[in-house]
Amino acid sequence: MNEGDLRTRNHIYRRFVEVGRAPTFAELRDELGDEVEPALRRLHDAHALVLEPDRTEIRMANPFSAAPTPYRVEADGRAWYGNCAWDAFGIPAALHVDGHTSSACPDCGEAIEIDVRDRRPVPDEHVFHVVVPASHWWDDIVFT
Amino acid sequence: MNLFRSEEHLDRWLNQNAYEPGATITAGKLCDLAHAWWSDRLASDWRPHTRDENQAILERLGLTGKFWQLA
């Protein structure tokens with residue numbers, strides 16, 4: 001990953017935090033120029049972000065999700081979606097603030113509301129499960 | 001990578017979806033993992049973690065064994 005790609009990546013994350021959603025490809029091209037397209041593809045190949053399979057739009061800038069998911073996160077007066085429960089807890093961690101995660105139990109559908117305060121979950125009675133072994137996480141990162 | 005109300009709910013979901021059980025940790029451990037994994041993500045001097053750096057994070061949290069071995 002070269003310095004230019006890192007600047008592109010950092011710009012994307014900054015915009016994601018500022019506006020509460022992923023910047024579109026059109027916005028990035030306006031802001032960064034035509035070189036942004038190959039940079040996005042290199043960042044995708046390096047797993048620094050995830051593009052949609054059929055177009056040059058951002059799907060994931062982990063822990064942030066560009067698409068709505070079952071894991072909504074409120075932190076620092078704004079809201080985002082995490083890609084999964086791990087990412088949902090990762091958003092307050094990345095912002096270095098407390099936060100709140102709203103999701104639902106995949107089994108029964110009952111709401112799960114968890115505060116993250118000083119890096120601790122409140123309440124702390126829930127369990128987190130990973131189905132896919134770590135060596136296969138990037139085989140299909142959206143499913144993972 | 002989901003949160004469940006309890007082990008009972010998790011087991012029922014695994015059975016209903018015919019998934020092989022993977023790995024389960026507490027929400028507290030997940031918080032520790034999230035902080036270790038993501039807390040530098042917005043730093044202006046961020047650099048990608050190497051595989052070994054990420055593996056070390058997992059190991060520090062006791063997430064060891066074949067299931068947690070990164071590619």
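**Where the chains pair**

Reply: Happy to! A:His129 stands opposite B:Asn2 in E1(B). Keep in mind that this is a predicted model, where local features need pLDDT of at least 70, side-chain atom pairs count only at pLDDT 80 or more, and totals for chains, interfaces and linings use all residues. Residues are numbered from 1 along each chain as its sequence is written, while chains are lettered from A and ligands numbered from 1 in the order in which they are written.

Me: Which strand of chain B does E9(A) join, and how many bridges are there?
Reply: E9(A) is joined by 3 bridges to strand E1 (residues 2-4) of chain B, and the two run antiparallel. Strands pair if DSSP finds at least two bridges between them. Strands (E, at least two residues) and helices (H or I, at least four) are DSSP runs, numbered from the N terminus.

Me: How many residues does the contact take from chain A and chain B?
Reply: Chain A puts in 41 residues and chain B 37. Contact here means C-beta atoms, placed from the backbone, within 7 Å.

Me: Which element gives the most on the chain A side?
Reply: H4(A), with 7 residues. Elements giving two or more residues to that side include helix H1 (3-19) and strand E7 (111-117) of chain A.

Me: New topic: how is chain A divided into domains?
Reply: Into domain 1 (3-61) and domain 2 (63-144), with bounds from an automatic or database domain assignment. Their centres, taken over C-alpha atoms, are 22 Å apart. The contact takes 10 residues from each of these domains of chain A.

Key. Two residues are in contact if their C-beta atoms, placed from the backbone, lie within 7 Å.
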